[in-house]
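Here is a short briefing on one protein chain. Please look over the sequence and the model before reading the points.

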Amino acid sequence: MTITRKLEFDAGHRIPDHRSQCRNLHGHRYVLEITLHGGLISLVGASDRGMVMDFSDVKRLAIEHLVSVWDHALILYEKDIIVRSFVDTLPGHKTVVLNEIPTVENLAVKAFETLDHVYNVRYGINLQLVKVRLYETPNCWADITRD
């Protein structure tokens, strides 16, 4: 059985060497879809009986470990020295620095890696993160799936 939970957040980034306007600082309303695979919980009396995982738990863990970190942050490539130097002059600015250029593809990989550790195993049920889909715009997204 698979389940999917969708969450949304806002963040800014830039693609430093891109040939189009994406080299400029800009933002997106990202949509994150988290797909989990596992057996149904069968413990008598459990509030999540008959579920793979309670959707509220899927959401809570994603917010705690990823969404709250990226929401309303400027996500930058560690070698984007010019913008990083400027942002460092802004007290309390929410900045996330990655070792890869923050394309939607790289962000999807990072999201998968981060969330995989969170959802890997739960209460002895074989629960696994199997897919992350990250929309950068309504018409453009990246998928990463477990082999």
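Tyr135 counts as buried, with a relative accessibility of 16%. Buried means under 20% relative accessible area, exposed over 50%, and partly exposed in between (1.4 Å probe, protein chains only). The model is predicted: local features need pLDDT of at least 70, side-chain atom pairs count only at pLDDT 80 or more, and totals for chains, interfaces and linings use all residues. Residues are numbered from 1 along each chain as its sequence is written, and side-chain values use heavy atoms, with hydrogens and water left out.

**Aromatic rings**

- A pair of aromatic rings is described by the distance of the centres and the angle of the planes.
- Rings of Phe, Tyr and Trp (its six-membered ring) pair if their centres lie within 6.5 Å; planes under 30 degrees apart count as stacked, over 60 as edge-to-face and the rest as tilted.
- The structure holds three aromatic pairs.
- In one of them, the ring centres of Phe9 and Tyr30 lie 5.2 Å apart with the planes at 15°, so this pair is stacked.
- Phe9 belongs to strand S1 and Tyr30 to strand S2, so their pairing ties together parts that are 21 residues apart in sequence.
- Phe9 is buried at a relative accessible area of 2%, and Tyr30 is buried at 1%.
- The ring centres of Tyr135 and Trp141 are 5.0 Å apart and the planes are at 50°, so that pair is tilted.
- Trp141 counts as partly exposed, at 41% relative accessibility.
- One aromatic cluster is formed by Phe9, Tyr30 and Trp70.

- Arg14 sits in the loop between strand S1 (2-13) and strand S2 (26-37).
- Is Arg14 buried or exposed? Its relative accessibility is 15%, so Arg14 counts as buried.
- A polar contact is a pair of N or O atoms within 3.5 Å; within protein, one must be able to donate a hydrogen and the other to accept it, and residues adjacent in sequence count only if both atoms are side-chain atoms.
- The side chains of Arg14 and Asp80 are joined by a polar contact of 2.7 Å.
- The Arg14 side chain also reaches the backbone oxygen of Arg23, at 2.7 Å.
- Contact means heavy atoms within 4.5 Å.
- Apart from its neighbours within four places in sequence, Arg14 has contacts that include Cys22, Ile75, Val83 and Pro102.

**Leu74**

- Leu74 is part of strand S3 (residues 73-77) and counts as buried at 12% relative accessibility.
- From C-alpha to C-alpha, Leu74 and Arg14 are 8.8 Å apart in space, while they are 60 residues apart in sequence.
- Not counting residues up to four places away in sequence, Leu74 touches several residues, among them Gly12, His13, Leu25 and Val83.

**The whole chain**

- Helices (H or I, at least four residues) and strands (E, at least two) are DSSP runs, numbered from the N terminus.
- The chain has three helices and six strands, in the order β-β-α-β-α-β-α-β-β along the sequence.
- Its C-alpha atoms fill a box of roughly 55 × 30 × 25 Å, taken along the principal axes.
- Of the 147 residues in the chain, 39% are buried.
- Of the contacts between residues at least 6 apart in sequence, 58% join residues at least 24 apart.
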